[in-house]
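Q: Can you walk me through this one? I have the sequence and the model open.

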Amino acid sequence: MSSAAKIHCYACNNPLELDAGSKILRHDECIHCQIELHCCKMCSFYDAKVYNECREPLAERIVDKEKANFCSYFKIGDKQQSGPSKDDLISAADALFKKD
């Protein structure tokens, strides 16, 4: 396995025994936190900044992005490097609007 393309769980951020492009079955779970892996938040097409939170224009709408689904466009991807975390954003907003 190549360490450069290691996949991390979106929920617990622990590394998984998977590489980008690995086949994920619908009921596969994270070995650390038992969260379902075949979900939008683990997909390489997931993007919270685009319409329907999916960059695949032909994919059907999935409401719960954290639950296992049957999307045929699913492709495992690592979101660890995708941008600042929720905590980082909250800290930045708090610093910006800090009252003196």
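**Cavity, charges and chain layout**

A: The largest cavity has a volume of about 140 Å³. On a 1 Å grid over the protein atoms alone, a cavity is a set of points where a 1.4 Å probe fits but cannot get out. Grid points are joined across faces, edges and corners, and the volume is the space filled by probe spheres set on the points.

Q: Which residues are closest to its centre?

A: C40, C43, C54, I62 and C71 are the closest to the centre, out of 16 residues that line the largest cavity. A lining residue has an atom within 4 Å of a point.

Q: How many cavities of 30 Å³ or more are there?

A: The structure holds one.

Q: What is the lining made of, by class?

A: The lining of the largest cavity has eleven nonpolar, two polar and three charged residues. Ala, Val, Leu, Ile, Met, Phe, Trp, Tyr, Cys and Pro count as nonpolar, Asp, Glu, Lys and Arg as charged, and the others, Gly among them, as polar.

Q: Before I go on, what should I know about the model and the numbering?

A: This is a predicted model, in which local features need pLDDT of at least 70 and side-chain atom pairs count only at pLDDT 80 or more, while totals for chains, interfaces and linings use all residues. Residues are numbered from 1 along each chain as its sequence is written, and side-chain values use heavy atoms, with hydrogens and water left out.

Q: Fine. What order do the elements run in?

A: From the N terminus on, they run β-β-α, which makes one helix and two strands in the protein. Helices (H or I, at least four residues) and strands (E, at least two) are DSSP runs, numbered from the N terminus.

Q: How much of the protein is buried?

A: Buried residues make up 26% of the 100 residues. Buried is under 20% relative accessible area, exposed is over 50%, and partly exposed is in between (1.4 Å probe, protein chains only).

Q: Back to C43. Is it buried or exposed?

A: C43 counts as buried because its relative accessibility is 7%. C43 sits in the loop between β2 and α1. C43 and Y73 are 30 residues apart in sequence, and their C-alpha atoms are 8.8 Å apart in space.

Q: And M42?

A: M42 is also placed in the loop between β2 and α1. The relative accessible area of M42 is 0%, so M42 is buried. M42 and C9 are 33 residues apart in sequence, with 7.3 Å from C-alpha to C-alpha.

Q: Changing topic: how many salt bridges are there?

A: The count comes to two. A salt bridge here is a side-chain nitrogen of Lys or Arg within 4 Å of a carboxyl oxygen of Asp or Glu.

Q: Which side chains pair up?

A: E66 and K41 each lie in the loop between β2 and α1, so the pair ties together parts that are 25 residues apart in sequence. E66 is partly exposed at 36% relative accessibility, and K41 is partly exposed at 23%. R55 forms a salt bridge with D47, where the closest N and O atoms are 3.8 Å apart. R55 is partly exposed, with a relative accessible area of 44%, whereas D47 is buried at 17%.

Q: What else can you say about E66?

A: The C-alpha atoms of E66 and I35 are separated by 8.4 Å, and the two are 31 residues apart along the chain. I35 belongs to the loop between β2 and α1 and is partly exposed, with a relative accessible area of 25%.

Q: Which side chain of opposite charge is nearest to K65?

A: That is E53, 4.3 Å away. Lys and Arg count as positive and Asp and Glu as negative; His and the chain ends are not counted.

Q: What does the K65 side chain reach, then?

A: The side chain of K65 reaches the backbone oxygen of N52 at 3.0 Å.

Terms used: 1 Å grid on protein atoms, 1.4 Å probe; cavity = no way out; pocket = protein on both sides within 12 Å on 5 of 7 lines; lining within 4 Å. Polar contact = N/O pair within 3.5 Å; in protein donor to acceptor, adjacent residues only side chain to side chain.
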